[in-house]
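This report goes through a structure chain by chain, with the contact between the chains taken up at the start. The sequence and the coordinates are shown below.

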Amino acid sequence: MTLKTISIKNLLRRKGKAGFILAGLVIGVSTVVGIMAFVDAMANDINHKLEKYGANILIVPRTENLALSYGGLALGGVSFEMKEIQEIELARVKTIKNARNVAALGPLVLGVVSVDSHKVLMAGVDFKAAEILKPWWHVQGAVPEENEVILGAEAARILNLSIDDKITIKDKKLVVSGVLQPTGSQDDQLIFTRLVTAQTIFNKSGKISMAEVAALCKDCPIDSMVKQISDVLPGAKVMAIQQIVKSRMETLAQFKKFSYGISGVILLIGSLVVLVTMMGSVRERTDEIGIFRAIGFRKGHIMKIIFMEASIVSGLAGIIGYFTGFGAARAALFIFTENHPGDVPFRFELAVGAVVAALMLGLISSAYPAFMASRLDPNEALRSL
Amino acid sequence: MSYIIGNNLVKKYGEGEIAVSAIDGINFEIEEGEFVGIMGESGSGKSTLLGMMGAMNAPTSGSLMVDDIDIYSLSQEQRADFRREFLGFVFQSFHLVSYLTVVENIMLPLAIIKAGKKKKRAMAEAAMHQVGLSGKAHRLPSQISGGEKERVAVARAIVNEPPVLLADEPTGNLDTKTSHDVMELLHGLNDEGMTIVMVTHSPDCAGYARRIMRVADGKLVDDNVKLRSLKRWQKKEKIKEPFPRQSQAIVAGSLPTG
C-alpha cells in the first residue's frame with residue numbers, strides 16, 4: 001500500500017472524470033502535435049518544391065557593375081566584356097563544407113550572336129543541371145546535342161524558325177532540335193545550346209560567364225553557403241537570390257507563427273479543463289482528504305496523491321495525443337498536398353516533447369487544486385459530514 | 001505518571017460578543033492504559049475535546065500534553081506525524097475510503113511509512129486478526145456490514161500499534177449486539193495496555209470504560225468515576241446485573257462520582 005495505490009484506485013473509481021481530463025489533454029496534445037508535424041511536413045514539401053524551382057545562388061565574375069537583370073531579378077551586375085570564370089575552378093564548389101546541400105551547379109556561357117540580321121542572346125548551358133535549375137522548361141523536340149540548338153518561344157517566333165531548321169552562327173552550322181514552350185521569362189528570347197558548343201562559338205574554351213547554383217537550404221542558412229562558395233572562388237562574386245529565399249522563409253515563418261499561436265490557445269484550454277476538473281475532484285474528496293490528514297498524512301503526501309493522479313493521466317494523454325496527432329497530420333498532408341503527398345517523418349524529439357509537455361501541463365494545472373487539497377483542515381473536513 | 005494531561009483547555013469559536021465557548025477551562029489527567037469514556041449531551045463539547053486530544057483542533061488557550069509532548073507547540077506537519085505515530089482514531093460514521101478494499105483501508109496509515117510490502121501486509125493481517133476480520137480482506141466497504149465497517153475502522157486505527165486510541169461514537173450507527181461486540185473489542189485492546197479515550201452518549205458503551213468524564217456546556221462536571229466505586233455501589237444496593245446497566249444509573253445521576 002503506497003500513495004500511488006491511492007492515486008491509481010481513485011482514477012479507476014472515477015473513470016468518467018479521469019476520462020474527461022484525459023480527453024481534454026489528448027485533444028490538446030494531438031492538435032499541437034498534428035499541427036507541428038503537419039507544419040514540418042509542409043515546410044519540407046514547400047522547401048522541396050521551392051528548391052526545385054531554379055537557382056538561389058549566382059556566381060558571377062568580380063566586375064564593375066552595370067545593371068542587368070536575368071530572370072526578372074536584380075543581380076547586381078554582369079559584364080560580358082570582363083574576365084570570365086575558369087570552368088575548372090567551379091569544381092571547388094563541390095569541396096565546400098555544405099557540398100551535400102548543392103542540388104545542382106549549372107555553368108553558363110553567354111554571348112550575343114546574329115541570326116538573320118537579328119541580334120540574339122545565346123546561352124551555353126549544362127542541360128543535365130538545367131533539369132534541376134529550370135524544371136519549368138518543356139522542350140518541344142529534343143534536347144540539343146553538339147552543334148544543335150533549342151530556341152526560346154519568342155526567339156523562334158521572331159526568327160521564324162522551327163524544329164529541324166538550320167542556322168549559321170559565326171560560320172558554324174547549327175540545327176534547331178527543339179523549341180521551348182513559353183516560360184514567361186527571359187528564356188523565351190534566348191537561343192540555348194550545349195556549353196561546349198557555345199564555348200567554341202565564343203572562343204571561350206574552359207571559361208564560363210556565370211554559374212547558377214540550386215542550394216538546398218533547409219538546414220543551413222543561405223548566407224553560409226554563399227560565404228563558403230565565395231571562399232573557394234575568390235575571383236568570383238557570389239550572391240543569394242534574396243527574394244526567393246526571403247519569401248520562402250517568410251512564408252514558412254508566418255505559417256509556423258500561426259500554428260504555434262493556435263497550439264498555445266489549445267494548450268491553454270486543455271490546462272483549464274484539467275484545472276477545473278481537478279478542483280471539482282478535490283471538493284468531492286473533502287471527507288477522504290480529511291481522513292488522510294487525520295491519520296497522519298502530511299500536506300506533502302496529499303499533494304503527492306493529486307500530482308500522481310495528474311501525472312498518470314497526463315503521461316497517458318501525451319502518448320495517446322502524440323500518436324493521434326501524428327495520424328491526423330498524415331491524413332491532413334494527404335488531403336492538402338495532392339501532387340506530392342510527401343511524408344510525415346517520425347521525430348523522436350517531438351514524441352518525447354509531447355509527453356513531457358503533457359506532463360508539465362497536467363502538473364501545472366493540478367498545482368492549485370493540490371495546494372487547496374493539502375490545506376484542508378482535517379477537523380473541518382470530517383465535521384462536514 | 002499521567003500520560004495525557006489537559007491543562008485549562010479553552011476553545012472559542014468567533015470573536016468578541018458573538019464568541020461561543022465550546023470548551024471552557026477543562027483540566028484532566030489520563031493515566032497510561034486507562035479506558036476513559038467522555039459523555040455528555042449533544043453540543044456539550046465532548047467531540048471538540050476529543051478532537052483536541054487528537055491534535056486536530058488547537059485550543060484557544062491552555063495546553064495538552066501527551067507523553068510529555070506539548071502537542072500544540074508542534075507545527076501542523078509535526079502534529080500530523082504525531083497523529084501517525086501516537087494516535088489511532090476511530091471516527092464517527094466509520095469514514096472508510098469507499099474505493100479501497102478492507103485490507104487497503106486498514107493499510108492506509110502504512111502508505112506513508114517506510115516499510116517493505118511484506119511487513120505492511122503482515123501488520124495489516126495482524127490488525128485484521130485482532131478485530132476478527134480475517135477472510136474479508138478484498139471486499140469493498142459497500143460489501144460489508146456496519147459492524148464489520150466499525151471493525152475495519154478499529155483495525156485501521158491500531159495497525160500502526162499506537163499507544164493511544166481515540167474513538168468518537170464508535171457504536172453510533174450500530175445495533176445493540178454489534179455495539180456489544182465492538183465494545184468487547186475495545187475492552188480487549190485496553191486489556192493489552194492500549195490507552196483508550198472514547199466519546200459516547202450511549203450508557204451501555206460508557207459502562208465498558210473504567211472511568212467516565214462528563215462534559216456539559218464545555219465544562220467538565222464529573223470525572224474519575226472509577227469501576228471500584230461502581231462495584232461498591234452495586235454491592236450496597238444489592239444490584240446483581242453486570243455493570244453495563246449501571247451506566248444507566250450514572251446517566252440518571254444516581255451514582256456517586258467519588
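How many residues does the contact take from chain A and from chain B? The model is a predicted one, and in it the contact takes 23 residues from chain A and 23 residues from chain B. On the side of chain A that touches chain B, the elements giving two or more residues are α1 (3–13), α8 (286–294), α9 (299–336) and α11 (378–383) of chain A. Of these, α1(A) provides the largest share, six residues. By class, the residues on this side of chain A are ten nonpolar, six polar and seven charged.

**The two chains**

The table sets out the overall values for each chain.

| Chain | Item | Value |
|---|---|---|
| Chain A | Secondary structure | eleven helices and 14 strands |
| Chain A | Buried share of the 385 residues | 40% |
| Chain A | Contacts at least 6 apart in sequence that join residues at least 24 apart | 82% |
| Chain B | Secondary structure | nine helices and ten strands |
| Chain B | Buried share of the 258 residues | 47% |
| Chain B | Contacts with a separation of 6 or more that join residues 24 or more positions apart | 67% |

**Chain A: strand β1**

Strand β1 of chain A covers residues 57–61, and five of its five residues are buried. Both faces of the strand are covered. On one side are A:Ile57, A:Ile59 and A:Pro61, and on the other are A:Leu58 and A:Val60, all of them buried.

β1(A) pairs with two strands described here. With strand β14 (residues 236–240) of chain A the pairing is antiparallel and runs over five bridges; within it, A:Ile59 has A:Val238 as its bridge partner. With strand β13 (residues 210–215) of chain A the pairing is again antiparallel, over three bridges, and here A:Ile57 is bridged to A:Val213.

Helix α8 of chain A, one of the elements that give two or more residues to the side touching chain B, is mostly covered, with seven of its nine residues buried. Those buried residues are A:Glu288, A:Ile289, A:Gly290, A:Ile291, A:Phe292, A:Arg293 and A:Ala294. After the helix comes A:Gly296, which has a positive phi, near 115°.

A:Arg92 sits in the loop between β4 (85–86) and β5 (102–115) of chain A. Is A:Arg92 buried or partly exposed? A:Arg92 has 14 other C-beta atoms within 10 Å and is therefore partly exposed, since a residue needs 20 or more such atoms to count as buried and 12 or fewer to count as exposed. Leaving out residues up to four places away in sequence, A:Arg92 touches A:Val232 and A:Leu233. A:Leu233 is 141 residues from A:Arg92 along the chain, yet their C-alpha atoms are separated by 7.5 Å.

**Chain B: the sheet**

In chain B, six strands form an open sheet with mixed pairing, in the order β6-β7-β8-β3-β9-β10. The edge strands are β6 (87–90) and β10 (219–222) of chain B; each has a single partner strand, so one side of each is left without a neighbour in the sheet. From one strand to the next, the twist averages 25°.

Helix α1 (residues 46–53) of chain B lies across β3 (35–39), β7, β8 (195–199) and β9 (211–216) of chain B, and runs at about 150° to β8(B).

**Chain B: a helix pair**

Two packed helices are described by the angle between their axes and the distance between the axes. For helix α5 (residues 146–158) and helix α6 (residues 176–191) of chain B, the angle is about 15° and the axes are 9 Å apart. Angles under 35 degrees count as roughly parallel, and α5(B) and α6(B) are therefore roughly parallel to each other. The crossing of α5(B) past α6(B) is right-handed.

Which residues of α5(B) and α6(B) meet? From α5(B) they are B:Gly146, B:Gly147, B:Glu150, B:Arg151, B:Val154 and B:Ile158, and from α6(B) they are B:Thr178, B:Asp181, B:Val182, B:Leu185 and B:Leu189. This contact has five nonpolar, three polar and three charged residues.

Methods
Residues numbered from 1 in each chain as written. Chains lettered and ligands numbered in written order. Predicted model: local features only at pLDDT ≥ 70, side-chain atom pairs only at ≥ 80, totals over all residues. Contact = placed C-beta atoms within 7 Å. Helix = DSSP H or I, 4+ residues; strand = E, 2+ residues; numbered from the N terminus. Nonpolar A, V, L, I, M, F, W, Y, C, P; charged D, E, K, R; others polar. Pairing = 2+ DSSP bridges. Axes fitted to C-alpha atoms, helices over the stretch in contact; angles between N-to-C directions. Parallel < 35°, antiparallel > 145°, perpendicular 65-115°, else oblique. Left-handed = near helix turned anticlockwise from the far one by under 90°.
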